[in-house]
Amino acid sequence: MIAANGSVRPHWQPFIESLMRFDPAEMRRRWDLGQRLLRDNGVTYNVYGDPAGLDRPWQLDPLPVILSREEWDTITQGVIQRAGLLETILDDLYGPRSLVARGLVPSALLHANPDFLRPCHGWAPAGGKRLHTYAADLARGHDGRWRVVGDRTENPSGAGYALENRAIVSRVLPELHRSHQVERLGPYFDALYRSLPSLSPRHTDDPRIVLLTPGPYNATYFEHAFLARQLGVTLVQGEDLTVRDNHVYLKALTGLQRVDVILRRTGGSWCDPLELRGDSTLGVAGLLQSARVGNVAVANAIGTGLLDGASLMGFMPALSQALLGQPLILASVPTWWCGEPDACRHVIDNLERLIVRPAFVARDKSLVGAALTSPEAARLKTAITTRPWDWVAQEIGGTSTVPVWTGGFLESQHCVIRVFATNTDKGWQVLPGGLARLSAERDLMTTRLQTGGGGSKDVWISSTGPRDAAAAAGRVRAPEVRLTRDNRDLPSRVADNMFWLGRYLERCESTTRLLRATLSHMEEALAQDDAKQARETLVMMGLLGLHLPTDSLRTAAETLPGTLLGYHLDGAKPGLANAVDRMIRVVTNLRDRLSADTWRAVQRLREEVGALGHESLDEDVIGRLNSVLMVIQAINGLAMENMTRGPQWLFLDAGRRLERAIAMVDTLSGALTDAESEDAVPLELLLELWDSVMTYRSRYLASPRLAGVLDLLLCDESNPRSLAFQVTTMAAHTDRLAAIGDDSGFYTPAQKLMTILLGTVRTTDVAILSRFERDAGYHDAERLLDFLRSRLWELSEQVTRTYFTHAQWRLPVTRLEVLP
């Protein structure tokens with residue numbers, strides 16, 4: 001921001017003048033909004049070993065990095081030149097290897113690299129492109145020149161985070177964003193999407209494109225789901241795909257659907273356990289052979305990780321002259337590969353002013369020579385001398401800084417900017433912006449995306465009117481759509497997760513209702529100094545389905561509410577917090593399938609349950625449980641009102657209905673167990689738990705009787721809480737699911753079960769069920785409920801066997817590597 005003479009650079013001047021009009025309180029208010037948006041949108045970055053786990057929030061500074069148009073034009077030209085050069089190098093190293101023969105690339109540098117995948121040698125990928133997306137990490141020196149710190153050729157991450165950063169910052173500082181006429185990022189993603197169909201080996205108007213992710217435990221899984229939604233492609237994991245006759249297929253509900261293009265976010269060596277890493281559970285057996293024969297296009301092509309990092313950077317100037325006949329527009333920082341004797345000696349002799357890191361494992365932490373103690377430096381020198389080809393060293397030198405908003409003040413921090421490019425039919429196109437990563441350290445090599453860094457920034461490139469007009473004029477219209485209302489390419493794994501999302505959501509609701517009723521009745525009994533009634537309430541709620549602490553009956557009566565609440569807030573116990581945690585894990589697998597409003601509601605549910613732990617029983621715990629119920633109802637409402645009635649919704653609602661039906665059966669069974677008369681059955685409590693008090697009172701205008709309660713909760717198809725309503729709804733769902741599949745005209749096993757369940761409920765005589773026998777109690781009712789329970793669990797198993805495919809689980813033999 002500051003020039004050598006201490007003045008603010010011209011392209012920063014308007015921004016700083018506008019920013020200075022905000023007082024610190026206003027800036028704090030705006031940034032509180034930004035932090036809330038990050039939380040609501042669920043923007044996370046999963047750092048391995050971090051205590052926050054999957055919930056580690058993305059770090060963003062509200063002030064952008066602003067680059068001048070002239071500076072950006074140079075960067076754009078340099079990135080395009082470098083991407084084309086790397087593509088040419090990849091073609092040669094996986095082809096004739098003339099660069100090795102000419103001595104431009106040392107043979108040891110190639111063959112010692114574990115990312116040189118030998119099964120990929122000797123053939124060209126479908127579409128003719130190995131490198132489809134590329135990113136360069138750039139640092140600006142004190143001399144004002146930008147230099148490349150590292151190349152990202154495997155599956156460069158960060159573009160999705162850059163787009164999310166832009167969305168947040170433009171809402172926090174909208175007037176500043178508008179006044180600068182910042183270049184839009186959207187056209188880059190449009191170009192990326194339009195370039196994918198051209199890779200398809202089949203000449204079809206609508207090739208099937210998927211984004212292959214390692215799964216929700218990957219560091220950048222948020223970005224994978226974000227990009228899949230942004231590009232409109234299907235997000236898949238390895239278990240969703242299979243290879244048949246050298247073709248890749250998506251395992252969908254309606255059968256196998258052929259896949260044409262795979263946008264890869266799984267590391268190359270993990271993509272195929274058949275030919276690459278046999279211990280990989282993230283890839284697809286036979287994928288490499290399918291790509292080799294040209295039946296599927298993989299972007300980036302498997303094997304592009306060969307050039308990822310900095311191992312080749314010391315040779316790039318010579319390679320540019322040899323292959324392009326021109327010098328590099330963007331020079332690399334001085335780099336030495338220790339596999340060369342002269343370079344190794346230079347590194348050993350100048351260790352204190354160099355950054356040293358493994359040559360072929362770009363994700364490992366770098367070592368700052370100046371920060372090493374004498375013993376550490378000695379050990380590093382020994383390691384370099386023993387296996388010199390495994391190490392590379394760089395001299396970063398002085399680097400410029402950017403302003404960072406910290407606690408109401410501006411302070412300077414070093415930054416690296418990752419710039420992205422995609423290979424389109426018209427050549428390489430560069431994202432007009434990027435992802436700036438911060439570090440308070442002088443060593444920029446320690447501020448890498450995979451280690452979390454010290455934060456991130458949006459990058460602004462000021463646009464001009466003519467450029468925007470030209471971009472609009474050159475925009476390519478999307479092809480005509482083939483109208484359809486089907487959405488049948490639903491992966492079986494997604495259907496499975498939708499089914500269990502419905503079940504866990506309903507489990508959260510039923511547990512909350514049970515817990516609220518228990519605490520309310522226990523507090524009422526304790527207020528009347530009736531410890532016996534409080535204990536009897538707890539026992540009764542245990543019979544109705546509430547999980548209780550094992551030693552609850554030996555606990556002092558006055559401490560029972562606190563003990564019960566603490567038990568249900570312990571995620572390791574089968575209570576409310578555990579049900580919420582399980583539901584959120586399922587939701588994490590469905591990031592690309594759920595709306596932003598639904599995700600925000602789920603986050604709100606997590607916050608409300610977490611806030612219960614901060615409430616004392618003297619405060620409004622019941623009110624907090626009411627808030628939890630309201631959020632659950634909001635999620636249900638979003639599903640009912642916003643989701644199209646396709647297969648996804650069918651499985652979600654079927655899961656809800658099945659879980660509610662099982663809970664209803666268990667509750668009624670528990671209420672009748674060991675009851676010695678109708679007076680011993682907690683009828684009022686049953687109506688309260690199932691939200692049917694007003695319906696019963698308006699219908700009978702009298703105190704509850706067992707026959708009326710059983711009819712309302714068991715057989716009344718007009719009551720949305722009744723067992724009959726759930727069974728009727730599930731019967732309709734199973735009929736629709738059968739029609740989606742191969743409709744042979746015969747009933748599926750699930751339909752047969754639903755016919756039995758529906759007929760049983762509709763022919764039930766509640767007058768017989770409510771009859772008490774002196775010797776057998778409510779024997780008829782208990783037998784019926786046992787029959788219904790077994791059939792409902794059988795239905796769950798049948799749905800699982802029919803529609804869901806589970807990958808065989810096995811313990812990883814080695815630690816999974818972090819993706820770049």
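Author: Let us begin with a pair of helices: helix 19 (residues 596–612) and helix 20 (residues 621–642) pack at an angle of about 165°, and their axes lie 9 Å apart. Helix 19 is therefore roughly antiparallel to helix 20, a label given to angles over 145 degrees. Axes here are lines fitted to C-alpha atoms, for helices over the stretch in contact, and angles run from 0 to 180 degrees between N-to-C directions. Helices (H or I, at least four residues) and strands (E, at least two) are DSSP runs, numbered from the N terminus.

Reader: What sort of model is this, and how are the residues numbered?

Author: It is a predicted model, in which local features need pLDDT of at least 70 and side-chain atom pairs count only at pLDDT 80 or more, while totals for chains, interfaces and linings use all residues. Residues are numbered from 1 along each chain as its sequence is written, and side-chain values use heavy atoms, with hydrogens and water left out.

Reader: Back to that pair, then: is the crossing of helix 19 and helix 20 left-handed or right-handed?

Author: Helix 19 passes helix 20 in a left-handed crossing, meaning that the near helix is turned anticlockwise from the far one by less than a right angle.

Reader: And which residues of helix 19 and helix 20 meet there?

Author: On the helix 19 side they include A601, L605 and L612, and on the helix 20 side they include L625, V628 and I635, where contact means heavy atoms within 4.5 Å. By class, this contact of helix 19 with helix 20 has 13 nonpolar, two polar and four charged residues. Ala, Val, Leu, Ile, Met, Phe, Trp, Tyr, Cys and Pro count as nonpolar, Asp, Glu, Lys and Arg as charged, and the others, Gly among them, as polar.

Reader: How do helix 21 and helix 28 cross?

Author: The axes of helix 21 (residues 647–672) and helix 28 (residues 779–803) come within 10 Å and cross at roughly 155°, which makes helix 21 roughly antiparallel to helix 28. The contact involves, among others, F651, L658 and L672 of helix 21, together with L785, W793 and Y803 of helix 28. By class, it has 15 nonpolar, two polar and three charged residues.

Reader: One last thing: is strand 3 mostly covered or open?

Author: Strand 3 (residues 146–152) is mostly covered, with seven of its seven residues buried, that is, under 20% relative accessible area with a 1.4 Å probe and protein chains only. Six bridges join strand 3 to strand 2 (residues 133–140), and the two run antiparallel. They form a hairpin with five residues between them, and G144 in the turn has a positive phi of about 85°.

Definitions and conventions
Parallel < 35°, antiparallel > 145°, perpendicular 65-115°, else oblique. Buried < 20%, exposed > 50% of the residue type's maximum accessible area, 1.4 Å probe, protein only. Pairing = 2+ DSSP bridges.
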